[in-house]
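Please look over the notes below with the coordinates open.

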Amino acid sequence: MKGITRKFLRINLSNGKIGEEAIPEQVETDFIGGRGFGIHYLYRELAPKTDPLGEHNKMIFVAGPLAGTNAQAVSRWMVCTKSPLTGAFARSVAGADFGAWIKFAGYEFILIEGKAERPVYIHLTRDACQIEPADELWGKDTVITQEWLSQRHGLNTRVACIGPGGENLVKYAAIVTNRRTASRCGVGAVMGSKNLKAIAINAERNLQLHDPEGYKQLVKQQIQMMMANKGFQYHKEMGTTGNPENTSELGIFPTRNFRYGRLDDYEKLAGEEYLKRRIGDFGCYSCAARCGKVHRVTKGPYAGAHSEGPEYESIWAFSGPIENSYLEATIAADQLCDDLGIDTISTGNTIGFAYELYEKGLLTKKDTDGLELKYGNHKAMVALVGKIARREGIGDLLAEGTMRVAAKIGKGAEAFAINAKGLELPAYEPRGAKSLGFNYATSNIGGSHGYGYAPQEVFGAPFPRKVDRFAEEENADIVVFNQNNGAVGEVGIVCVFARGWFPQLYDKLLIAATGIDKIGERGYLPRVGERIVNLERAFIVREGFGRKQDTLPQRMLSEPLHTRGSPGEGQMIRNLDKFLDRYYEIRGWTPQGIPSPEKLKELGLGYVVKDMAQSQNAKAI
Ligand code: SF4
């Protein structure tokens, strides 16, 4: 920011050293903020092959340059680290207020390094930062942890914490703030490995913007624009609970561990059904959408269960994989995941995998602690959620995620493990939404929809062009566009749902906040997005990833999809190699998927060239 020093806080848990550091102007200009800062510092500071759960891994809790302001839907935050689930780069995004509070404390991000000897939490205010003992919090769930810290430090405290899942190093443990989570890639396990139970921030709103008056005017325009947007109004009303009907009708609601593209009775999970159980709304800091819909179960085996959600991915995670349409079970399982601090997507996907192993006789009742893993058995599913978080019985194995479970069981189990680079696939069937599928294959964090979401395929958005969702290498440009565009959105960090509500204002808000005028130049922001994706790629190449790991589960490449009457029957991924050739060519990468020296220099990443040359023959861990 012109005339304003943007800084971050470095906290070393091994030696207790805490200090502020300024962010150099060149880094601000090249990366702007958010995910850009995350990968810049992680690439610079993390030695290749660092153990993700060892003392030397680092975690960056980063907000965007717009966080904490009155602008709408821009106060999300993320964690960047090396993933214990994939061994690749991890970026995991969350909502609620914590991003705003990072900024109120005076920082762009908090960088955690080292490992505490005993459980601790960090207490941060505008004037001080302390590392406090957390022995009495260890073992507590995320609700009790947050209540305890709020009672101790006051109602103006915002907390990001782990539950038993993170403490037990579940490979896909989440970090929880209020009822929102940074859930993907096992970031909660990294926190657990450092004996860090929570970060609690107490701070009053206190922001510095480059052009406060100009920013205020832009916010007025933004709110008017949002209110007039039909997508915003629908999202405000329904959140994402209407999506299961949409994706079922498209034949891309993965069912029975990704064998079918829709549930037979998906109407039982319709948005209207969730509406009947709704008891309130929840929103992130400064967002009028309040799209978190809170539901309560009033009768049946899960009476009393309630969750902020489930949102679309979690509705799917606890229905599709095990072919369950008992809605109440999705609420109960979602609540348990949030309380215990594990990722709903990886949890549901891994449970679906276990059900298929049981069906094929690769797991028996003896292995499952007596649970009968038959499709539709939601009680066993809910029981497994608790076992995974606590690593009890079969849960200890399933806590390792599908890739490691398959390797341990052997006997062909790998054929049923639905992940990309070890990250479990989410709620969109790759054979029926192929740009999204190829995004899973090439994403630098593994099987994530958020890394390069394809609204062209799911909602028919004709931007930057119309897309045939069954086309393959012909859509390589769309995959590149969506991934770069995703990175642009996450320098902000603007909510993924809100990106279409005020597209004309995003760059203007960034300029008014930071004073980086170049942002207004044509092509500047897309170039920043491309720079981020390339640096993330370089990070994972340095870890040994390359073309071989840019792939999809065997099922997608060899078995036709069945859609039970929806479009897409018989679809498969037929030309992964042709797609990769085209994708790498557009990206300016070698045929092995390594960023070329020319591309790196063009993006101002010349310092990476030497690392890429040294990494050519490395093997992925
Ligand atoms: S749209 Fe929903 S998820 Fe996004 S910022 Fe608003 S409340 Fe949060």
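How many of the 16 residues of helix H13 are buried? Point 1 takes this up. Keep in mind throughout that the model is predicted.

1. **Helix H13.** The count is 15 of 16, so the helix is mostly covered, taking buried as under 20% relative accessible area. H13 spans residues 344-359. From first C-alpha to last it reaches 22 Å, close to the 22 Å expected at 1.5 Å a residue.

2. **The ends of H13.** Asp-343 caps the N-terminal end. One of its side-chain oxygens lies 3.2 Å from the backbone nitrogen of Ile-345. Just after the helix, Gly-361 takes a positive phi of about 80°.

3. **The sheet.** Six strands form an open sheet in the order E2-E1-E6-E3-E4-E5. Pairing is mixed. E2 (18-22) and E5 are the edge strands; each has a single partner, so one side of each is left without a neighbour in the sheet. From one strand to the next, the twist averages 20°.

4. **The E1-E2 pair.** E1 covers residues 7-12 and pairs with E2 in the antiparallel sense, over 5 bridges.

5. H2 (residues 35-45) lies across E1, E2, E3 (59-63), E4 (77-82), E5 and E6 (109-113). Relative to E4, H2 runs at about 20°.

6. **Phe-89.** This residue is found in E5, which covers 89-94. Is Phe-89 buried or exposed? Its relative accessible area is 0%, and because the cut-off for buried is under 20%, Phe-89 counts as buried. Beyond its neighbours within four places in sequence, Phe-89 is in contact with residues including Ile-39, Leu-42, Cys-80 and Thr-81. Other contacts of Phe-89 include Asn-444, Ile-445, Glu-536, Phe-539 and Ile-540. For scale, Asp-369 is 280 residues from Phe-89 in sequence and 35 Å away in space, C-alpha to C-alpha.

7. **The cores.** The largest nonpolar core has 191 residues. Phe-61, Ile-112, Ile-175 and Ile-201 touch the most other members. Helix H21 (residues 524-542) gives the most to this core, with 10 residues. Apart from this core lies another, of 8 residues, among them Ala-134, Leu-137, Leu-149 and Cys-161. In soluble globular proteins, nonpolar side chains tend to be buried together.

8. **Ile-201.** Setting aside neighbours within four places in sequence, Ile-201 is in contact with Phe-98, Trp-101, Ile-102, Ala-105, Ile-110 and Leu-124, among others. Asn-156, Thr-157 and Arg-158 are also among the contacts of Ile-201.

Definitions and conventions:
Residues are numbered from 1 along each chain as its sequence is written. This is a predicted model: local features need pLDDT of at least 70, side-chain atom pairs count only at pLDDT 80 or more; totals for chains, interfaces and linings use all residues. Side-chain values use heavy atoms; hydrogens and water are left out. Helices (H or I, at least four residues) and strands (E, at least two) are DSSP runs, numbered from the N terminus. Buried means under 20% relative accessible area, exposed over 50%, partly exposed in between (1.4 Å probe, protein chains only). Contact means heavy atoms within 4.5 Å. Two strands pair if DSSP finds at least two bridges between them. Axes are lines fitted to C-alpha atoms, for helices over the stretch in contact, and angles run from 0 to 180 degrees between N-to-C directions. The expected span of a helix is 1.5 Å times one less than its number of residues. A polar contact is a pair of N or O atoms within 3.5 Å; within protein, one must be able to donate a hydrogen and the other to accept it, and residues adjacent in sequence count only if both atoms are side-chain atoms. A nonpolar core is a set of buried Ala, Val, Leu, Ile, Met, Phe, Trp, Tyr and Cys residues joined through side-chain atoms within 4.5 Å.
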